[in-house]
Amino acid sequence: MIKFILKGIIRDRSRSLFPVLTVLLGVALTVLGYCYFSGVMTSWIQTSAKFESGHMKIMSRAYAENADQMPNDLAFIGVKNLMADLKKDFPDLIYAQRIRFGGLFDIPDEQGETKAQGPLAGLAVDLLSEESPEREMLNLENAVVRGRLPEKQGEILISDDFARRLDIQPGQTSTLISSTMYGNMATANFIVVGMLHFGITALDRGMMLADLADIRSSLDMEDAAGEILVFFDDFVYQEDAAERIAEAFNAKYSDDEEEFSPVMETLRGQGGMADYMAMVNQFMGVMIFSFIAVMSIVLWNAGLMGSLRRYGEIGVRLAMGEDKGHLYRSLITESLVIGVIGSILGTALGLAFAYYLQAKGINLGNMMQSASMVINDVIRAKVTPISYVIGFIPGLIATFIGTSISGLGIYKRQTSQLMKELEV
Amino acid sequence: MENSFLIKTQDLVKTYPMGHTKIFALNGVNLNFRPGEFAGLVGPSGSGKTTFLNIVGSLDSPTSGSAVVMGKKIEDLSHKQAAWLRNQNIGFIFQTFNLLPVYTVYENVEFTLLLLKMSAEERKDKVMQALEWVKLADRAKSKPAQLSGGQSQRVAVARAIVKEPSIILADEPTANLDAENSFNILDTMEELNRELGTTFIFATHDEKVIKYLRRKITLVDGKVAKDEALEQKKVKGGNQ
């Protein structure tokens with residue numbers, strides 16, 4: 001019977017072509033959409049992890065509560081001891097101390113008068129020590145578009161867009177005007193040795209990247225750090241493991257009563273990240289459901305049209321003694337065959353586009369001029385093993401639902417009218 | 001003797017509602033058919049011919065009275081049981097041929113056997129035999145669109161006969177055929193009736209068909225007006 005059904009599908013284009021094209025299109029869009037959102041999520045998580053959140057992040061409790069304000073007056077003190085303990089307790093993890101700071105960037109002219117000035121968002125990382133993972137992690141070699149990387153104390157990098165706005169050239173002296181961790185005014189001179197372009201609008205707008213030791217000294221933050229970012233050694237975020245580690249850390253080091261005691265938060269737990277991720281997952285669910293609903297309606301209509309066109313065939317089959325249930329099931333089998341064919345073709349098409357977008361990406365930089373989200377301007381799709389099967393969910397469910405509804409007409413068909421109907 | 005009847009109807013009544021009144025399509029029909037009959041129901045339109053075929057073909061059930069086909073009471077059958085009775089024992093030939101256009105002649109005939117879950121080898125033997133009977137073995141691979149009206153109706157006959165049913169019900173089988181094709185198809189059906197012993201019951205008002213009948217039942221207003229045995233007046237090929 002399956003062979004008989006297949007022959008019918010292959011030979012009767014009006015029975016197969018339109019439904020296959022409908023499924024193909026819906027499945028291709030689902031696969032492409034899934035891959036693209038996977039790409040967005042992966043890029044967002046990776047970028048956020050590297051620049052902001054780590055896979056886990058240690059802060060003082062007070063700092064954590066006001067993290068959006070970069071409150072260095074609430075920074076954690078006693079980093080050296082804590083780092084020694086961490087390396088003993090969790091030796092397989094990678095640690096990166098960071099200080100975030102804000103301030104005014106001042107460029108003097110030959111007379112020492114202000115030539116240009118602008119607000120900046122600063123980040124201090126360990127740029128100079130050999131064991132530091134930062135250069136590789138932040139991909140600094142590739143991010144420097146003019147000048148060079150810092151080689152000694154007192155040298156900094158700034159974002160290229162910022163440099164162009166203030167007309168700063170590599171080698172130029174600049175002054176950071178900020179405040180110490182104790183609230184006093186702080187000024188420090190640096191030499192801008194290179195310009196950065198991360199391709200992340202939020203960072204490229206006005207960033208200063210300096211060595212941790214320089215900023216500690218400038219902002220009076222010896223043995224302090226705003227944040228200690230913690231990474232898994234393979235740089236792949238693992239939600240369950242992160243939760244376990246954070247739980248163990250907090251149980252040992254954190255004290256609810258002490259606002260300067262350290263606390264560890266996972267990537268998902270920071271800055272509403274969990275809400276964003278849940279929102280994206282929900283959006284994916286809505287997208288798949290929408291495709292199922294739209295395709296079901298289209299295929300339902302296609303099924304109704306097919307039933308009208310095959311009215312005679314269905315009548316003859318009933319007259320020959322084919323049970324209504326058998327006939328109904330054979331139509332559903334037929335639609336599932338179409339669903340499988342459409343899903344395979346749609347998945348292939350969707351994956352082809354997804355692989356293209358994985359290689360090329362789409363530059364959304366112009367749309368993110370005022371974005372504060374740390375995400376790459378070029379959003380690439382990401383093909384995962386699930387991408388190969390996700391399209392089959394709407395592809396098969398929609399064909400099944402569409403045919404199941406349209407095929408119900410078989411049960412309403414009066415066999416007593418067949419003779420009359422088949423005379424036409 | 002009663003047990004030898006293939007079909008037996010008793011006080012068969014079929015009514016259809018029409019506003020507040022009832023239309024009697026069949027009104028107390030008592031008819032019996034033995035195996036191997038070549039019988040026809042004749043009468044004007046609305047006399048109940050098709051309704052009678054519907055009921056004995058288990059496509060419809062009577063309003064009252066009884067119709068027993070192959071030992072099964074039609075009025076007691078569920079839809080599934082009725083379908084099974086048609087599948088196993090009854091073949092239909094319609095006025096229009098109703099062949100499945102995307103399938104070949106062979107596949108159109110084979111479909112009936114697929115429903116009987118026969119093996120591929122057995123199906124092949126039976127389909128080719130049926131096509132031999134209707135002299136269309138050489139057109140097995142043709143599509144219905146490539147056949148003439150007469151050939152299409154012969155495929156429909158092959159489709160009805162391939163499972164070797166006990167009964168074949170034919171509703172105006174020659175209505176869409178010219179005289180020559182009508183005689184050809186009637187010759188074929190008569191031959192099958194004689195060789196296989198299949199009971200043929202026609203609903204017709206075509207004189208060409210009537211000439212082939214061995215029993216003519218005249219229905220008027222849902223009642224049997226006349227039930228007569230005929231001496232065949234035709235000679236093979238329709239020449240008189």
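Modeller: Before you ask, a salt bridge here means a side-chain nitrogen of Lys or Arg within 4 Å of a carboxyl oxygen of Asp or Glu. And keep in mind that this is a predicted model.

Colleague: Good. Then which residue of chain A meets B:Lys80 in a salt bridge?

Modeller: Across the interface of chain A and chain B, the rule finds three salt bridges. In one of them, the N to O distance is 4.0 Å, and the side chain that meets B:Lys80 belongs to A:Asp323.

Colleague: What area is buried between chain A and chain B?

Modeller: Chain A puts 27 residues into the contact, and chain B puts in 27 residues. Carbon and sulfur atoms give 63% of the buried area. The area itself comes to about 2,700 Å².

Colleague: Which residue of strand 8 stands opposite B:Phe92?

Modeller: Strand 7 and strand 8 (residues 167–171) of chain B run parallel and are joined by four bridges. Opposite B:Phe92, strand 8 of chain B places B:Leu169.

Colleague: Which element gives the largest share of the largest nonpolar core?

Modeller: That core has 39 residues, and B:Val109, B:Leu131, B:Met189, B:Phe200 and B:Phe202 have the most contacts inside it. Elements giving two or more residues include helix 3 (105–115), helix 4 (120–133) and helix 6 of chain B. The largest share is six residues, and it comes from helix 5 of chain B.

Colleague: How many residues are in the second, separate core?

Modeller: Among its members are B:Ile7, B:Ala39, B:Leu41 and B:Val56. The count for this core is 36 residues.

Colleague: How many residues of helix 1 of chain B are buried?

Modeller: Go along helix 1 (residues 49–56) of chain B and the buried residues include B:Lys49, B:Asn54 and B:Val56. The helix is mostly covered, with a buried count of eight of eight.

Colleague: In the hairpin of strand 1 and strand 2 of chain B, which residue takes a positive phi?

Modeller: Strand 1 (residues 7–18) and strand 2 (residues 21–29) of chain B run antiparallel, joined by seven bridges. One pairing puts B:Pro17 with B:Lys22. Two residues sit between the strands, and the one with a positive phi, near 65 degrees, is B:Gly19.

Colleague: Last one: does A:Glu334 count as buried or exposed?

Modeller: A:Glu334 lies in helix 13 (residues 324–360) of chain A. Leaving aside neighbours within four places in sequence, A:Glu334 is in contact with A:Ile5, A:Ile9, A:Arg15 and A:Arg310. The cut-off for buried is under 20% relative accessible area. At 5% relative accessibility, A:Glu334 therefore counts as buried.

Methods. Residues numbered from 1 in each chain as written. Chains lettered and ligands numbered in written order. Predicted model: local features only at pLDDT ≥ 70, side-chain atom pairs only at ≥ 80, totals over all residues. Heavy atoms only, no water. Pairing = 2+ DSSP bridges. Core = buried A, V, L, I, M, F, W, Y, C linked by side-chain atoms within 4.5 Å. Buried < 20%, exposed > 50% of the residue type's maximum accessible area, 1.4 Å probe, protein only. Contact = heavy atoms within 4.5 Å. Buried area = accessible area lost by both parts, 1.4 Å probe.
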